[in-house]
Amino acid sequence: MAGVDFVDVRKSFGAFPVIKGVNIEIEDGEFVILVGPSGCGKSTLLRMLAGLENISAGEIRIGDKVVNALPPKDRDIAMVFQNYALYPHMTVADNMAFSLMLNGSSKAEIDKRVGIAAGILGLTKLLDRYPRQLSGGQRQRVAMGRAIVRDPQVFLFDEPLSNLDAKLRVAMRAEIKELHQRLKTTTVYVTHDQIEAMTMADKIVVMHDGIVEQIGAPLDLYDSPANLFVAGFIGSPAMNMIKGRLDPQNPNSFIAADGMALPVARPPSAARGRDLIYGLRPEYMALDPNGFAVTVAVIEPTGYETQLIVRFGGTDVTCVFRERVTARPGEAIHLSIDADHVHLFDAETGVRLID
């Protein structure tokens, strides 16, 4: 196994830069997820690590070796793709063994490695089947098994769950995470799904427009987003964001653009006298008969919780409650805010303000 380092990595297609100086340090054995919207550069970064894209500038290291000029076969990595890429005319066993056969491994070694991987992934009884005889989840496990038998230094996953239905995605998330816990192999995983990133990663790299916006543990990014982009991308439902300024007479009060006063527990000194964005996660509001009045716009019951979109002044805000809510659209309810979980962002730069 080995760590991975991206050192001021850049990539341009002609005159158009797509990766703009990325620095990421991935420790040996870590499960790191690159997440961001389509076009942010995450898949390009993964393909450069795999050797499938050339690097315009900077260095990529696997362990203590700079791999910029190494072909993919010499990087000791194994990649799992979104579309499985199984050979339809080969059995499960032959698909998993194919790379070992190309390397000239003995039949005994191939049988041993395929048997171990099949046992780990629950494929032992399926080794004689062909891909057409498998479900989507089984095909994905075969693709993972093909990577495992190589015993690489680094696993690469490129949106491997995108083609699966919602229920199967949840099951496969758990399987991939459990697999990593067993093998302890350094893993770099790309997805646009922030729920995948939050539930699976040891460390998340949030990317946007070819740059890294923030790196950290999932809950650190959720609780302490560096800027408006991370705050809006990480978390579902997304963080509420309200424009306004601190009250010059009372810095513990935020005055929204429509005039409503909202509480702030610890206003940063840098927040005074400037345009701000008031950030609040949907779960940090509570039904409170003594709170401020809002009008219910939409109710979305999900079973274990209820999501409400409420309107005060000209602003729509999403709330999440564990209790059942009996109000109907158009009715008024009263809410209170947990001011200890309020974030203030500079409206011009988008940076979260802290002391």
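How many aromatic pairs does the count come to? Here are some friendly notes on the rings.

1. The model is predicted, so please keep in mind that local features need pLDDT of at least 70 and side-chain atom pairs count only at pLDDT 80 or more, while totals for chains, interfaces and linings use all residues. Residues are numbered from 1 along each chain as its sequence is written, and side-chain values use heavy atoms, with hydrogens and water left out.

2. The count comes to seven aromatic pairs, where rings of Phe, Tyr and Trp (its six-membered ring) pair if their centres lie within 6.5 Å; planes under 30 degrees apart count as stacked, over 60 as edge-to-face and the rest as tilted. Phe229 and Phe233 are stacked, because their centres are 5.7 Å apart and their planes at 15 degrees. These two residues are four apart in helix α8 (residues 228-233), so about one helical turn separates them; helices are DSSP runs of H or I with at least four residues, strands are runs of E with at least two, and both are numbered from the N terminus.

3. Phe229 is partly exposed at 21% relative accessible area, whereas Phe233 is buried at 17% (buried is under 20%, exposed over 50%, partly exposed in between, with a 1.4 Å probe and protein chains only).

4. Phe254 and Tyr278 form a tilted pair, with centres 4.8 Å apart and planes at 40 degrees. This pair links distant parts of the chain, Phe254 being in strand β12 (residues 250-256) and Tyr278 in strand β14 (residues 276-280), 24 residues apart. Both Phe254 and Tyr278 are buried.

5. One aromatic cluster is formed by Phe31, Phe155, Phe157 and Tyr189.
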